[in-house]
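Here's a quick tour for anyone opening this one up for the first time. Have a look at the sequence and the fold, and then we'll walk through a few spots together.

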Amino acid sequence: MESIFTFDSLLFTVLVKVLVIVAFFFVAALVVGYLEHKVMGHMQDRTGPMEAGLGPVKHGVGQLVADGAKFLQKEDIIPRSADPWVFALAPGVALVPTLTILVVIPFGPGVWAENLDLGLFFALAASGVTVIGVLMAGWASANKFSLMGAIRDAAQLIAYELPLVLAGAAVALQAGTLSLVGIVERQNELLLFGAVPVWYGIPQFVGLGLFFVAAMAELNRPPFDMPIADSEIIAGHMTEYTGLRFAFFLLSEYAGMVVLSALATVLFLGGWYPWPGAELPDGPLGAVIGTVVTLAKIIILTLLMTWARATFPRLREDQLQTMAWTILIPLALAQIVVIAIVIVVLP
Amino acid sequence: MSIPDLFMLGAFVLGGAAALLVVTARNVVHAALYLVIALVAVAASFLWMGAEFLAWAQVLVYVGAVVVLILFGLMLTRAPIGPMAQHNENRKFAVAVSGGLFVLLVTVIVATFGDATVDVTPVRVADLGEVLYVQWAFPFMVLGFLLTVSLIGALVLARREEGEGPLPDDTDEGSDQGLEDAAQEPGPSDVTSAPGAGDAGQQIGAP
């Protein structure tokens, strides 16, 4: 199936796709950020933002827009001993990989920018580049806390990249394809015991759990926020950043939540299908229903991440590493072996 | 010139310039960052030649892992900001060797291919898997085994047995010193990464 953003003129097609992706990137980050403020507020028995509104709608819906305007007005400070070029470029390097992953994520039948043959591989390769931006930021700040945060972050990302990739590999193994669109379609055809339609999240529940935990760790979300722990290394690599550049880091965290939730949705939760084995009508109606279903699943997953943030205390650095290397990675490897055997034994 | 040709040319120029900056940069962290650009340019060339899998593998392995290990190692051992003297006495020798190698490679490639045109046919990843895991399965497994053995060997070398060497508490300073010395001696950044990478492995492997 062709992408719905395809037109006769190549240049126009590219322009439309880039605009749609960038617009989605910013809107999704704002929506998820607002939801987190509100939901975490209520979980902690307070109201969260109430005043800032967009027009007649109050309840703080305009809070993050106002925050963005505030960040724009702030002075852009580069410390005197910092390395100016690397310092200035780092937030962009951290942000771009998240943006590029959006290119391959399918939101509904036909609602994707590119259906790459290697979509999953591309997404995982791009997500590994973010850490270079973090390392650049931590080093160029010329600040011991920043450097420490960057080193912690790099160690954490290397450790949790493996379970993430391995959980994705198990899905590719079962689906027999690396294309994210292909994975969604194959997933909807899966019948457990030849009769019960299920998504990959059921037979691969271990993989789903691994992917979700590793995704939270990749994003430095609490309880895995050791690299940006505010109470001990004052926000790690972000310590010296102000204004728009700081906002970029926040933006890439929220957009990263959306992107990794979208990947989890596509890999384990049936993508755009509302229930296992469902059929969507052809044409625009199917595309709209599919997109709404995918977005609902993404929001549920991001709310789970917020719930985890409001519930669990921060892990210690050595606990983080021990958990990745002695629990998550062996589990992921064992899961791949089991899936491979099942696929070979069962036709 | 068509648009793909222009992109290829851009990747070549950018990658070449970045590669030159890797060896001439006055700051070792800058050199590692230029290496990122050079490696991405190589990935872009792969992409334009139809080797999609190779291009993303290049990004995943080299940019996402190797350069991160280099940077991680540098920052764990020493992370100087600002230019510093690269006391490398073999610079002239290195220029001669790399220049000679460059001329040799260009001559060989031009002599072999000349102005032959090669059709760019994108490789499907399923075909690639067929070749790699069916046709060449044995060499592939031997390679994997070799890498596993070297990984275990590195762990054994890095790990301190109980009762061997000084106590961990007083070795912290000593081993850092050793790493710094080791990091200062070799010139190219890929060699510099070795102590850092080993250290990361040690930290992770022996908690």
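Predicted model: local features only at pLDDT ≥ 70, side-chain atom pairs only at ≥ 80, totals over all residues.

Residues are numbered from 1 along each chain as its sequence is written, with chains lettered from A and ligands numbered from 1 in the order in which they are written.

**H10(A) and its partner**

- H10(A) is largely enclosed by the rest of the structure, because 21 of its 26 residues are buried (20 or more other C-beta atoms within 10 Å of a residue's own, these atoms being placed from the backbone).
- After H10(A) comes Gly270(A), with a positive phi near 80°.
- The axes of H8(A) (residues 205-218) and H10(A) (residues 243-268) come within 10 Å and cross at roughly 170°, with axes fitted to C-alpha atoms over the stretch in contact and angles running from 0 to 180 degrees between N-to-C directions.
- That makes H8(A) and H10(A) roughly antiparallel, a label for angles over 145 degrees.
- On the H8(A) side, the residues that meet H10(A) include Phe211(A) and Phe212(A), and their H10(A) counterparts include Leu260(A) and Phe268(A).
- By class, this contact has eight nonpolar, one polar and one charged residues (Ala, Val, Leu, Ile, Met, Phe, Trp, Tyr, Cys and Pro are nonpolar, Asp, Glu, Lys and Arg charged, and the others, Gly among them, polar).

**Where the chains meet**

- 28 residues of chain A touch 24 residues of chain B, where contact means C-beta atoms, placed from the backbone, within 7 Å.
- H6(A) gives the largest share of chain A's side, six residues.
- That side of chain A divides into 21 nonpolar, four polar and three charged residues.

**Chain B**

- Chain B has eight helices and zero strands.
- Of its 207 residues, 21% are buried.
- Chain B is divided into domain 1 (7-82) and domain 2 (123-161), with bounds from an automatic or database domain assignment.
- Taken over C-alpha atoms, the centres of those two domains are 24 Å apart.

Definitions and conventions
Contact = placed C-beta atoms within 7 Å. Helix = DSSP H or I, 4+ residues; strand = E, 2+ residues; numbered from the N terminus. Parallel < 35°, antiparallel > 145°, perpendicular 65-115°, else oblique. Buried ≥ 20, exposed ≤ 12 C-beta atoms within 10 Å, placed from the backbone.
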